[in-house]
Amino acid sequence: MEFDEDEAIISLLPFGNSARLASIWEVNKLYNVFELSYIVQKLTQLTNRLGRDIENHYDIQMNTFIGKVPLKG
């Protein structure tokens, strides 16, 4: 998830079968390590819920935008 100038809001830093989460909003630097499959599942759920909430709030369909927003290279 990106915020501004390619700065990630949430970063998933995988290593082996684990991954660490980092965020630009961190107040305290914590070494949050999770099992990789667990955190991928939870981030996928977050993305799905967030997408539904955005669609409901703004009365739009996300699939009309996906793939049509230019990405920085």
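A residue counts as buried here when its relative accessible area is under 20%. By that cut-off, 10% of the 73 residues of the protein chain are buried. The model is predicted.

**Chain as a whole**

- The protein chain has an accessible surface of about 6,300 Å², and 56% of this belongs to carbon and sulfur atoms.
- Among contacts in the protein chain with a separation of 6 or more, 14% are between residues 24 or more positions apart.
- The structure contains one salt bridge.

**The three-stranded sheet**

- Three strands make up an open sheet in the order S3-S4-S5, and their pairing is antiparallel.
- Strand S3 (10-15) and S5 are the edge strands, each with pairing on one side only.
- On average, neighbouring strands of this sheet are turned by 30° against each other, with direction ignored.
- In general, the strands of a sheet pair through backbone hydrogen bonds, in either a parallel or an antiparallel arrangement.

**Pairing of S3 with S4**

- S3 and S4 run antiparallel and are joined by six bridges.
- Ile10 has Ser23 in S4 as its bridge partner, and Ser11 has Ala22 in S4.
- The two strands form a hairpin with two residues between them.
- Gly16, in the turn of this hairpin, has a positive phi of about 60°.

**Pairing of S4 with S5**

- Strand S4 (residues 18-23) and S5 also run antiparallel, with four bridges joining them.
- Ser18 stands opposite Glu35 of S5.

**Asn32 in strand S5**

- Asn32 belongs to strand S5, which covers residues 32-35.
- Its relative accessibility is 31%, so Asn32 counts as partly exposed.
- With neighbours within four places in sequence left aside, Asn32 is in contact with Ala19, Arg20 and Leu21.
- From Asn32 to Arg20 the C-alpha to C-alpha distance is 5.4 Å, while the two residues are twelve residues apart in sequence.

**Helix H1 and the segment after it**

- Helix H1 spans residues 36-58 and lies across S3, S4 and S5.
- H1 runs at about 100° to S5.
- Asp59 is located in the segment after H1.
- Asp59 counts as exposed because its relative accessibility is 72%.
- Although Asp59 is not a glycine, its phi is positive, at about 50°.
- For context, most residues other than glycine have a negative phi.

**Nonpolar surface patch**

- A nonpolar patch on the surface is formed by Phe15, Tyr31 and Val33, which together have about 310 Å² of accessible area.
- Phe15 is part of strand S3.
- Phe15 has a relative accessibility of 38% and therefore counts as partly exposed.

**Salt bridge**

- Glu26 and Lys29 form a salt bridge, with their closest N and O atoms 3.1 Å apart.
- Glu26 counts as partly exposed because its relative accessibility is 22%.
- Lys29, at 73% relative accessibility, counts as exposed.
- The cut-offs behind these two labels are over 50% for exposed, under 20% for buried, and partly exposed in between.

Key: Residues are numbered from 1 along each chain as its sequence is written. This is a predicted model: local features need pLDDT of at least 70, side-chain atom pairs count only at pLDDT 80 or more; totals for chains, interfaces and linings use all residues. Side-chain values use heavy atoms; hydrogens and water are left out. Buried means under 20% relative accessible area, exposed over 50%, partly exposed in between (1.4 Å probe, protein chains only). Contact means heavy atoms within 4.5 Å. Two strands pair if DSSP finds at least two bridges between them. Axes are lines fitted to C-alpha atoms, for helices over the stretch in contact, and angles run from 0 to 180 degrees between N-to-C directions. Patches are made of residues with over 30% relative accessible area and no salt bridge: like charges are joined within 9 Å, nonpolar side chains (Val, Leu, Ile, Met, Phe, Trp, Tyr) within 5 Å. Accessible areas come from the Shrake-Rupley method with a 1.4 Å probe; for residues, only the protein chains shown count as cover. A salt bridge is a side-chain nitrogen of Lys or Arg within 4 Å of a carboxyl oxygen of Asp or Glu.
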